[in-house]
Amino acid sequence: MDRRDFLKALAAAGAMVSIKTDGVMDIMASALPASGSTTSSDGKFADLAAIMNGEPVPMLQAALKEIGGIGRFVKKGQKVVIKPNIGWDRAPELAGNTNPEIVAEMIRLCLEAGASEVKVFDHSCDRQANCYPHSGIEAAVKKAGGIMLPADQKSEYVNVQIPKGKILKNALVHKAIVDCDIWFNVPILKNHGGALMTAAMKNHMGIIWDRMAIHRGGLHQCIADLCTYKPAALHIVDAYRTLATNGPQGQSANDVVLTKALFASTDIVAVDTAAGKFFTQINKSIKFENIEHISDGQALGLGTMNLDDINVHKIKL
Amino acid sequence: MNTLRIIRTAAAVALTGVLTFGFIDLGGILDNPLLQKIQFGPALLSLSAVTLACLIVATLLFGRVYCSTVCPLGIMQDFFNWLSGKINKKKKYGYKPESKWLRYGTLAILILAWLFGFTFLVGLLEPYSAYGRMADELLKPLYILGNNLFAWISEKTGSYRFFKVLLSIKSVTSLVVAVLTLLVIGHISYHHGRTWCNTICPVGTLLGFFSRFALFRIKIDTDRCNHCQACSKKCKAFCIDSKNQTVDYSRCVGCFDCLDVCKQKALTYGITRKKADSAREKDAVDESKRQFLKSTAVLAALAPQALHAKVTGLAGDKHVPMSPPGSLSHENLLQHCTACHLCVSKCPSHVLTPAGLEYGLGGIMQPLMKFDHGYCNYDCNICSQVCPNGAIRPLTVEQKHKTQPGHVVFDISRCIVNVQGTSCGACSEHCPVQALHMIPYKDGLTIPEANQDMCVGCGGCEYICPVHAVHIEGNPVHLEARLQEQKQNINTENLDFGF
């Protein structure tokens, strides 16, 4: 091997590691289950856990068990952020926001795993002072020992570079996300008038201040761009109740379907693919391939849409 | 200090304190302040018979005690007056005859201004409204600064007990008006006691008509009085004529300050046997009536007819301004609103903003819905609940959902989906009723479709649209919003993972 070949190999290896750090870690983790973590149904960690027919908390617990337990992600003393969807002044039954029970259980698990703090926020669309309490999330978070953070003032956000973004090159990101050791992306599955579906990827719009920059730049591509900034450790899509139509806010309870499902993955593209395939069964007027931010995400190397390539655990409780 | 003065002071501090907190409160503790509703000006404009009757009866019984306990502008003046007394201990007043022309002239001008739709002037001088604007424009920002300081500390300590609140200047005009009000009335009260209340204040003048006949009032015992002038020099209303041993009851604000200073104990507050004063009183009443009628007649003749046309005309043809839900129409708002800015202060979404010339000259500073900092919360009806003037009528949340103060206008030629060919849907996303609804467009895209009948005019779409392709036009007379279900097919059969 001459010097040039050596450098090439080094560069390639470096690129691989930098692009797919999570993937590499996953493979290593799959091979060697960490001590103290729960055992999944086939003895290996799932890349994607899809759960149906349960109540919110049991479904979350089942999914985490398949993925390898919270201890796989949260280390002692870490500063943790949980980012649900708290976008709308809507009661939990109207499925505008993430199920508060799921948020509370995640906080409990993170604290149990030794997190030094668990902070929760969303840059809500409706007034924060309405969304936080009316979603049921504020009370659930406080009861579980988490901290609700303000997110309705520009001063909470700091400008960051997004080097991997194609169009969105920088954004004002909430400082909690910038400063934390690890964060969990916990959206709810909903219809969206413009993006067609909102789940894990679109939930990132709540970590930034200027959402309209994303609408101006091209919604789907900019959502994918934003997801490259600081990937969450795990994406948990709450589909206990699904807002099937008139999303993301919903017109009435008639838009809500009790679907009793939950999807979790370390791969954001895979979890949105799963959520999207599930969702398009319910709202048949939406074609999966038109939810372009998912394929845009795959093109950016955020994950895979081919669920056959990864270890998927489907469980009906 | 005599008991009456103690009671008066305690009542004044308590009532004004609670009323002021109603304006500046951020925590939702006083979302529906009640003290604002017992103010004379608002009660008169909203024709609240019970409140008006109570206030008039109270004045007929006890004189203008309203001015020394209930009126926040009066209490503010007493504060400045007290301050000047602390700084200059030798401060003295003295009897001055009534400035009849100024007093009744001002009242006549205001009545005419109101009749001609120039409510701005009424609001400018109506004491409760003048105070409200100072509370909203000057005191509230200080309160917010204090809150934000606590928010900063609570962030540093990690408790996050306080959240920062947006601090913004809602209207330069209103800010300037509030500052000028403070300077002018502050100056007058610091140097000349209650002169404002007895020359300019329309409520003072109106209550003065009744307080002349008050059952309980300050009496001078002519046998004991030695014309020492101590009471005259103490009277901040300049209404005790010690020389002639008379009191101008139309100007006495019932502060009871004089009772303490009379060494002869000639002054008491109680039921008067009408005897010595009656002749003079009768004279005064007739004279003032005459003056009032005279000045009204003169002003009516001189009042510019053009004013009315100006008031109903709208600034520019770009937007029809939108008045808050519950205000029924621009006309109703114009007739009733004295721009106290309680609704502006209470609006949690920073939507209600003091108007410039949008409603015309008469409607300056009246509440206008603007979507620079937010949009009207679908389930919020606070402005309609708090208005003491009947300018914004009370609406239940259900009634508000069916009210259309303005309607959506969608300009497809500017829409991102049409122009750029990329997805958006921000407007529809923010529409609580789906009056803007996304329908299939080319290349798998969706584009908004506007249904004006359903629109509640909340402005969510206008606030959020990244390219100003959608805005709300006000309805000069509010209409009914008709909610229709946007039905789409939902499949719940044979649900499985789907992959």
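**Helix packing and chain contact in a predicted model**

The axes of helix α10 (residues 268-282) of chain A and helix α11 (residues 292-299) of chain A come within 9 Å and cross at roughly 155 degrees, where helices are DSSP runs of H or I with at least four residues, numbered from the N terminus, and axes are lines fitted to C-alpha atoms over the stretch in contact, with angles running from 0 to 180 degrees between N-to-C directions. α10(A) and α11(A) are therefore roughly antiparallel to each other, a term used for angles over 145 degrees. In α10(A), Ile268(A), Val269(A), Asp272(A), Thr273(A) and Gly276(A) meet Ile294(A), Gly297(A) and Gln298(A) of α11(A), two residues being in contact if their C-beta atoms, placed from the backbone, lie within 7 Å. This is a predicted model, in which local features need pLDDT of at least 70 and side-chain atom pairs count only at pLDDT 80 or more, whereas totals for chains, interfaces and linings use all residues. Residues are numbered from 1 along each chain as its sequence is written, while chains are lettered from A and ligands numbered from 1 in the order in which they are written.

The contact between the chains takes 46 residues from chain A and 38 residues from chain B. On the side of chain B that touches chain A, the largest share, 4 residues, comes from helix α20 (residues 426-430) of chain B.

Chain A averages a pLDDT of 91, and 88% of the residues score at least 70, pLDDT being the predictor's confidence in each residue, from 0 to 100. Over residues 14-37 of chain A, however, pLDDT stays under 50. Where pLDDT is low, the predicted coordinates should not be read in detail.

Note on methods:
Helices (H or I, at least four residues) and strands (E, at least two) are DSSP runs, numbered from the N terminus. Angles under 35 degrees count as roughly parallel, over 145 as roughly antiparallel, 65 to 115 as roughly perpendicular and the rest as oblique.
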